[in-house]
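This report describes aromatic ring pairs and a disulfide. Please examine the sequence and the structure shown below before reading on.

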Amino acid sequence: MAAEMSLLQRFCALLLLFTTAAHALKFDLAAHSGAESLKKERCIRNFVAKDTLVVVTAVVGGYKGDGMQVNIHIRDAVGNEYGRPRDIVGESRTVFTSHADAAFDVCFENIMSGSRHPNPASRPIELDVDIGADAKDWSAIQATEKLKPVEAELRRIEELTGEIVREMEYLRLREQKLRDTNESTNTRVKWFGIGTTWLLVGLWAWQIMYLRAYFRSKHLI
């Protein structure tokens with residue numbers, strides 16, 4: 001038990017290290033004509049648990065009137081939509097609470113507008129997605145609850161650790177469910193194989209009896 005707790009603590013510490021070291025995603029978004037056949041979206045996917053706070057911050061370069069229009073579409077894998085900011089220039093922030101345990105996509109499209117042909121035909125994008133404890137404004141919480149900086153940081157780490165534990169419990173339940181499904185499938189396949197074998201044995205016996213009766217009726221045996 002102690003070894004398992006030590007392993008869990010190491011995993012949590014490692015995940016917290018990666019979480020702290022995470023940086024915003026930067027990329028260039030090429031423009032297209034907007035025709036349906038040529039429509040191209042660039043999507044970034046994250047997984048989120050139900051009723052989790054998410055803050056999506058996108059910083060889009062360029063300026064209005066440069067011949068391009070950047071739109072954002074935020075949706076999850078089960079059909080929920082969380083935002084459709086359009087014609088973004090500068091910073092755009094979307095805050096929502098997830099409706100389901102599902103992956104969600106932040107999709108960008110860059111459509112050429114007007115008669116201008118910009119060169120280069122792309123806009124720089126900087127995307128930052130904060131989920132759960134990272135999405136909270138800890139400066140405001142510290143000021144409201146009159147917490148010391150160390151206390152606020154410890155509370156943030158505590159919430160992050162709680163999220164990790166809940167995620168591990170969710171994965172454990174998923175693994176258990178998949179294992180139960182696998183065992184149930186194996187049991188069904190086993191009984192199906194046994195039933196098929198007995199059916200073939202019965203069919204073989206019936207054929208022998210039928211052929212013997214047929215040959216006797218023809219006085220061949």
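Is Cys43 buried, partly exposed or exposed, judged by its relative accessibility? The model is a predicted one, and in it Cys43 has a relative accessibility of 39%, so this residue counts as partly exposed.

**The disulfide**

The structure contains one disulfide. It is formed by Cys43 and Cys107, whose sulfur atoms lie 2.0 Å apart. The link of Cys43 and Cys107 is right-handed, with 110° about the S-S bond.

**The aromatic pairs**

A pair of aromatic rings is described by the distance of the centres and the angle of the planes. The structure holds six aromatic pairs. One of them is formed by Phe96 and Phe104: the ring centres are 5.7 Å apart and the planes stand at 80°, so the pair is edge-to-face. An angle over 60 degrees is what places a pair in that class. Ring pairs also link Phe96 and Phe104 with Tyr82 into a cluster.

**Accessibility of the residues discussed**

| Residue | Relative accessibility | Class |
|---|---|---|
| Phe96 | 7% | buried |
| Phe104 | 0% | buried |

Phe96 and Phe104 are each buried, because a relative accessible area under 20% defines that class.

Technical notes
Residues are numbered from 1 along each chain as its sequence is written. This is a predicted model: local features need pLDDT of at least 70, side-chain atom pairs count only at pLDDT 80 or more; totals for chains, interfaces and linings use all residues. Side-chain values use heavy atoms; hydrogens and water are left out. Rings of Phe, Tyr and Trp (its six-membered ring) pair if their centres lie within 6.5 Å; planes under 30 degrees apart count as stacked, over 60 as edge-to-face and the rest as tilted. Buried means under 20% relative accessible area, exposed over 50%, partly exposed in between (1.4 Å probe, protein chains only). A disulfide is a pair of cysteine sulfur atoms within 2.5 Å.
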